[in-house]
Amino acid sequence: MPDHAPAPAGRRIALIAHDNKKRDMLEWAEYNLDLLAGHELFATATTGHLLQQRLGLPVTCFRSGPYGGDQQIGARIAEGEIDLLVFLWDPLEPQPHDPDVKALLRVAVVCNIPVACNRATADFMISSPLMSRSHQQWDPASGQARHDQAALTVARAS
């Protein structure tokens, strides 16, 4: 059953954009500036510095993606310290740190946090009425996902 308790005052949102998507990220963030201002923002180095300089947003910056920034954000997600991920990745350009990109997306899905990989999805996510409600992140180490799957299997058999 969904938890409809109010969310904390602001979400913790991670913002990442590959080089060919940085302009998209800046345009998206500018369009959604009023909405983003009410949240705590995290980003990989270049993306975060661009957002700070061009839009005046306070952003906690990690390393650049290829130098461990994707992994740093993935660790924060695994620890329950990031609520949403907007990752405008470039599907048409090979990335030297592709295993890190896949690991980041994997941990976000496993931990059940909303992920947007393009501007349209990011718009839906940031403007959703669900932004003001809490949601349940999963702790994969707790075995809860396996318990939930087992219960669903039993319910379907009944």
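Arg-12 is partly exposed, with a relative accessibility of 26% (buried means under 20% relative accessible area, exposed over 50% and partly exposed in between, with a 1.4 Å probe and protein chains only). The structure is a predicted model, in which local features need pLDDT of at least 70, side-chain atom pairs count only at pLDDT 80 or more, and totals for chains, interfaces and linings use all residues. Residues are numbered from 1 along each chain as its sequence is written, and side-chain values use heavy atoms, with hydrogens and water left out.

The side chain of Arg-12 forms a salt bridge with that of Asp-83, at 2.9 Å from N to O (a salt bridge is a side-chain nitrogen of Lys or Arg within 4 Å of a carboxyl oxygen of Asp or Glu). Because Arg-12 belongs to strand S1 (residues 12–17) and Asp-83 to the loop between helix H4 (69–78) and strand S4 (84–88), this pair ties together parts that are 71 residues apart in sequence. Helices (H or I, at least four residues) and strands (E, at least two) are DSSP runs, numbered from the N terminus. Asp-83 is buried, at 8% relative accessibility.

Seven salt bridges are present in the structure. In one of them, Asp-24 pairs with Arg-119 at 3.6 Å, N to O. Asp-24 is partly exposed at 24%, and Arg-119 is partly exposed at 29%.

A further salt bridge joins Glu-81 and Arg-76 at 3.4 Å, N to O. Salt bridges with shared partners connect Lys-21, Arg-23, Asp-24, Glu-27 and Arg-119 into one network.
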